[in-house]
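Please read them with the structure open beside you.

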Amino acid sequence: MFETEHMKERMILVGVDTGSPETAARSLDELADLAETAGAQTAGRLIQARESIHPATYIGKGKLEELKDLLWETEADGIICDDELTGSQIGNLEAELSCKVIDRTLLILDIFAAHAVSGEGKIQVELAQLKYRATRLTGLGRSLSRLGGGIGTRGPGEKKLEMDRRLIRERISRLKADLRNVEKHRELLRSQRRQSGLKSAALVGYTSAGKSSIENALTGAGILEDAMLFSTLDTTTRSLVLDNTQEILLTDTVGFIRKLPHHLVEAFKSTLEEAKYADIIIHVVDASNPQMEEQMHVVYETLRELGVEDRPVVTLFNKQDLLTGDSRQKDFRADYSIPVSAKTGQGLEELKKALLEIVRKDQIYVERLYDFSEAGKIQLIRSRGQLLEESYVPEGIEVRAYVPQDIYSKI
């Protein structure tokens, strides 16, 4: 029996520096991580300093010649560009280089397709892929419109292009309809949560910051933990008990990344909106990453685009077990900054206390005696608030509880 090892494609990473060499280099480092997650091997790197991206070939003519030589020297299978390319740019580069050309968006979509597990996740990924492809059919027109050369060969190819457009449009319409049904179901779940009176907290953060590890450590959710980027795409919601009486719902969300493609934001809107409808934002940061500040900025920018700016924020500086020395990081945009380690459990009790403080700010403490005929009010407290103590005395029922402000007048 022969065992064959899967050969990784060797790719050259290509980037354009439009103002900051350090930023361009770090972005290419991240592209290398994405390529590794997708199953590719980095064969070389090339960055060109330009005022703007070349509209036809992404990089200039001189660098294009240099890239040809690098492809030949490294025997690479293709290139991965660190930005989203147009259909014409991809076509021009393939014609010049005679190799596979992938952009950052297509690479991320490939990773998403490999990691999507739930029905919703698969719909979202396929929708993003089709939208990406639909905008690039025109750029691929030359390869699709001609079967050969000369008179009489143009017609069938043009029909093929139009057929592709029509099929993609129809499939996108069907997927959007499926996604609307999923969104209705998700909204129903949110409505049920609101009626239960339970507060919800959403874990957000840069991809690979450790959100799933935090949720697992707090709730035992059993979510996949992986150092690879975008190892989990599907949201999971679990109950988290803060003390003997108070619990909240904790939801993990898809990770953010710089240059997050627009198609992905649109397709994953229903998933990302878990953060929009949450009462509390828990921002998980990889404190061991040298690009921590940049990643935090990306997260806040993405939250701003989603319209999530008026929620209490608890920032967790995760992976403290990887740091040496005593360093207390601070996020001045957050209400709480807590150093934690999902691996050792450091800071998780402090997190629970912070969440309890936030929840209690929206509640009213009640201590009173109810007549036996008012037992229905106690049931309302039990279902919507936190019943701390209930004791029966000859005069009635003594109650100590925390209740939401919206039901205080009823009890």
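**Notes on the model**

1. Cysteines. The structure holds 0 disulfides, a disulfide being a pair of cysteine sulfur atoms within 2.5 Å. The sulfur of Cys81 has its closest cysteine sulfur in Cys99, 9.1 Å away, which is too far for a bond. Cys99 is likewise in no disulfide. Cys81 is buried, at a relative accessible area of 0%. Cys99 is buried too, at 15%. Here buried means under 20% relative accessible area, exposed over 50%, and partly exposed in between, with a 1.4 Å probe and protein chains only.

2. Ground rules. This is a predicted model, in which local features need pLDDT of at least 70, side-chain atom pairs count only at pLDDT 80 or more, and totals for chains, interfaces and linings use all residues. Residues are numbered from 1 along each chain as its sequence is written, and side-chain values use heavy atoms, leaving out hydrogens and water. Helices (H or I, at least four residues) and strands (E, at least two) are DSSP runs, numbered from the N terminus.

3. A helix pair. The axes of H4 (residues 104-115) and H5 (residues 119-134) come within 10 Å and cross at roughly 155 degrees. The axes are lines fitted to C-alpha atoms, for helices over the stretch in contact, and angles run from 0 to 180 degrees between N-to-C directions. H4 and H5 are therefore roughly antiparallel, the term for angles over 145 degrees. From H4, Thr105, Leu106, Leu109, Phe112 and Ala113 make the contact; from H5, Val125, Ala128, Gln129 and Tyr132 do. Contact means heavy atoms within 4.5 Å.

4. Pro261. Where does Pro261 lie? The loop between strand S7 (247-252) and helix H9 (262-267) holds Pro261. Pro261 is buried, with a relative accessible area of 2%. Leaving aside residues up to four places away in sequence, Pro261 touches Glu84, Thr105 and Ile108. Thr105 is 156 residues from Pro261 in sequence, yet the two are 5.9 Å apart in space, C-alpha to C-alpha.

5. Positive phi. Glu75 is not a glycine, but its phi is positive, about 55 degrees. Glu75 sits in the loop between helix H2 (61-74) and strand S3 (78-81). At 64% relative accessibility, Glu75 is exposed. Lys319 also has a positive phi, near 65 degrees. Lys319 is in the loop between strand S9 (313-318) and strand S10 (336-339).

6. The open sheet. Six strands run in the order S6-S7-S5-S8-S9-S10, with mixed pairing. Strands pair if DSSP finds at least two bridges between them. S6 (236-241) and S10 stand at the edges with a single partner strand each, so one side of each has no neighbour in the sheet. The twist averages 25 degrees from one strand to the next. S9 and S10 run parallel, joined by 4 bridges. Phe317 has Pro339 in S10 as its bridge partner. Helix H12 (residues 348-361) packs on the sheet, touching S6, S7, S8 (280-286), S9 and S10. The direction of H12 makes about 165 degrees with that of S10.

7. S11 (residues 363-370) and S13 (residues 396-404) pair in the antiparallel sense over 8 bridges. Tyr365 stands opposite Tyr402 in S13. S12 (residues 386-393) also runs antiparallel to S13, with 7 bridges. S12 and S13 form a hairpin with 2 residues between them. Val393 stands opposite Gly396 in S13.

Terms used: Angles under 35 degrees count as roughly parallel, over 145 as roughly antiparallel, 65 to 115 as roughly perpendicular and the rest as oblique.
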